[in-house]
Amino acid sequence: MAMTRRSKLIVIALIAAGGVAAQPMIFGSQVDRCTPTFTKAVIAQGSLWVTNGASSPGVDWINLEVEDAAPDQGVDPDLPGWLDLPIVPESALERRVGTIALGWPVRWSFCQWVATDTEHFFPPITENEEPCASLRRATREWGGSADGAAVQSWMSGMGVIVCWLTIAAPMALVVLAKRQSDGKSGSAP
């Protein structure tokens, strides 16, 4: 018995949902393909931050550390749009923020560590960081902190929808474009 068009679309929706749900496991297994992407200084929240970045398929890591006050209150346009930079009090002994983002084709799952004193070793000091080692550690310790640094993880609902649609739409278009067979075999008399 042939599947109805509705049944096919339901199966496609479930496959796409499974594809999105499997992304953390799939991309987490690819972190050994990491490459450092940048080391630079940026201005954000009125401070000069030294930053390091790394990337592997479907995963990005950015580590920022405050170096000095800066006159500009704007955000550096080179920072990715998905980066949600928390406000770290100027009175803190250390001001380091490490953020990992995961997802394809857009980043939709995030985890961020904030170190405010010298007892927090993750995220590391940017001058001593090996960005790929930090990306691997962030993937392993997603949502947790071994030394008590503040950690927060969240998901973007819009990002999940975009990922789901990217997987589901091409398959659904094929099903919808194909004429539904009437179930007869052979040629009509």
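Visitor: How are α1 and α3 oriented, roughly parallel or roughly antiparallel to each other?

Guide: This is a predicted model. Two packed helices are described by the angle between their axes and by the distance between those axes. Here α1 (residues 5-28) and α3 (residues 157-177) pack at about 150°, and their axes are 9 Å apart. An angle over 145 degrees counts as roughly antiparallel, so α1 and α3 are roughly antiparallel to each other. The crossing of α1 past α3 is right-handed.

Visitor: Which residues make the contact?

Guide: On α1 they include L9, I12, A16 and V20; on α3 they include W164, I167, A168 and M171. By class, the contact of α1 with α3 has 16 nonpolar, 2 polar and 2 charged residues.

Visitor: Which residues of helix α2 are buried?

Guide: In α2 (residues 131-140), P131, C132, S134, L135 and A138 are buried. Seen down the axis of α2, these buried residues fall within an arc of 160°, so they line one face of the helix.

Visitor: What covers the buried residues of α2?

Guide: The cover includes the strands β1 (35-44), β2 (47-56), β3 (59-69), β4 (96-102) and β5 (109-115).

Visitor: Where is D147 placed?

Guide: D147 is in the loop between α2 and β6 (150-155). With a relative accessible area of 22%, D147 is partly exposed, since buried means under 20%. Leaving aside residues up to four places away in sequence, D147 touches E119, H120, F121 and F122. D147 and A115 are 32 residues apart in sequence, and their C-alpha atoms are 9.6 Å apart in space.

Methods
Residues numbered from 1 in each chain as written. Predicted model: local features only at pLDDT ≥ 70, side-chain atom pairs only at ≥ 80, totals over all residues. Heavy atoms only, no water. Buried < 20%, exposed > 50% of the residue type's maximum accessible area, 1.4 Å probe, protein only. Helix = DSSP H or I, 4+ residues; strand = E, 2+ residues; numbered from the N terminus. Arc of directions from axis to C-beta. Contact = heavy atoms within 4.5 Å. Axes fitted to C-alpha atoms, helices over the stretch in contact; angles between N-to-C directions. Parallel < 35°, antiparallel > 145°, perpendicular 65-115°, else oblique. Left-handed = near helix turned anticlockwise from the far one by under 90°. Nonpolar A, V, L, I, M, F, W, Y, C, P; charged D, E, K, R; others polar.
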